[in-house]
Amino acid sequence: MPPALPAAPGSTSLPFWCYPHDTVREASQAGKGLWARWPGPTLLIALAAILFLAAACGDGEPSGRIAFLSDRDGNFEIYVVNAGGSGLTNLTDDVGTDVFPAWSPDGGRILFVSDRDGQQEVYVMDDKGQEVTRLTTDGGTHPAWSPDGARIVFATDRDGNFEVYVMDADGTAQTNLTSDAADDFYPAWSPDGSRIAFYSSRDGGGLYVMSADGSELTRLADVATTDRPPDWSPDSRQIAFVSEGEIEVANADGSGVTKLTEDPRDDRFPSWSPDGERIAFGSERSGNAEIHVMNADGSDLTQLTTGGGVLPHWSPQGTRIVFVSDRDDSFEIYVMNEDGSGVKRLTDDPAQDVLPVWSPERQSDE
Ligand SMILES: [Ca+2]
Ligand SMILES: [Ca+2]
Ligand SMILES: [Ca+2]
């Protein structure tokens, strides 16, 4: 867990007239009132002012949604909030522990894991929290979608140790891909659908990759401990992972294992930008847990936050990063621009609000 953080410095803000939509709305209404008295030029001036404000605000409020976990009702639930901060909704509302949200590639459904029926099982629901369907009955966790949304990969210890399984998206055709006496877990499907990466406790612990049917198993790197799935590059050629507190990448064929960071303090949570050019990550190298970004070859490493930050995740267009910080006392969800400017808090609750995941791109996004 991140260390305790000192008081946060002031965050960078957009000009005040970029924030409240009411300002624009009032200008619009004022324009209507003036129209009645002075038709023509006044309305045009009002419209020009509105257009100027919109242009000056750049790309404005981010669109898309963010799923996250909160224990604000006494146990963990999956929530969504619009990336602009509105529409916070509890999707699960169950006394069980509901965790590991994973957006379907079309953004219409969310996989999650719950122990509501006694043990951890994989469930799916729509993006309103409706149409909840339990997909596994013998235990399941760490679910992830295939890129086409037709299949789901997950981990289960139903056979006595953890294995990586796949199933169809309706829960049928559950198949063991690993069948090894060691624990196999945290699977991640490559964006091109051809491979699945996962961690295993085999031979002291390692990062492995296999074809999506379980064949062609390759050990990529030694990894003794992990608490997150590995992160594929968008072109499916590389995998970012954490080993002994450093961010490393490996080629999917097992070659080219490269340490991107080199600092005695922990570097964690690598998140590949959608264009594949950069990797955001959390680091304690400044003495605080802060979000950093570097080029995908490890060059041009830059600190983005100064008030504390962990668990970065990019927006689908790569213009923003969502992250978690306890700068305002409890863990909350924040969004910032890719350069660290424009930090905005999305949650405000004494409970833990953590693990934000930006929804996939839709036509209306950003
Ligand atoms: Ca719950
Ligand atoms: Ca196993
Ligand atoms: Ca909170």
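## Val 357 in strand β28

Val 357 sits in strand β28, which covers residues 353–358. In this predicted model, Val 357 counts as buried because there are 20 C-beta neighbours inside 10 Å, and 20 or more is what a buried residue needs.

Who does Val 357 touch, once residues up to four places away in sequence are set aside? The partners are Ile 66, Ala 67, Pro 101, Trp 103 and His 313.

## The largest nonpolar core

Ile 66 turns up again here, as one of the residues with the most contacts inside the largest nonpolar core, along with Ala 197, Leu 207 and Ile 239. That core has 82 residues. It lies between domain 2 (60–90 + 260–366) and domain 3 (95–230), because both of them give residues to it. As a rule, nonpolar side chains in soluble globular proteins tend to be buried together.

Take Leu 207 for a closer look. Beyond its neighbours within four places in sequence, Leu 207 is in contact with Ala 197, Tyr 199, Leu 220, Ala 221, Val 223, Pro 230, Ile 239, Phe 241 and Ala 250.

## Two loop residues with positive phi

Ser 179 isn't a glycine, but its phi is positive, at about 45°. This serine is in the loop between β11 (175–176) and β12 (184–189), and Ser 179 is exposed, with 10 other C-beta atoms within 10 Å.

Asp 300, also not a glycine, has a positive phi near 55°. You'll find Asp 300 in the loop between β22 (290–295) and β23 (302–303). Buried or exposed? Asp 300 is exposed, with 9 other C-beta atoms within 10 Å.

Conventions: Residues numbered from 1 in each chain as written. Chains lettered and ligands numbered in written order. Predicted model: local features only at pLDDT ≥ 70, side-chain atom pairs only at ≥ 80, totals over all residues. Core = buried A, V, L, I, M, F, W, Y, C linked by C-beta atoms within 7 Å. Buried ≥ 20, exposed ≤ 12 C-beta atoms within 10 Å, placed from the backbone. Domains from an automatic or database assignment. Contact = placed C-beta atoms within 7 Å. Helix = DSSP H or I, 4+ residues; strand = E, 2+ residues; numbered from the N terminus.
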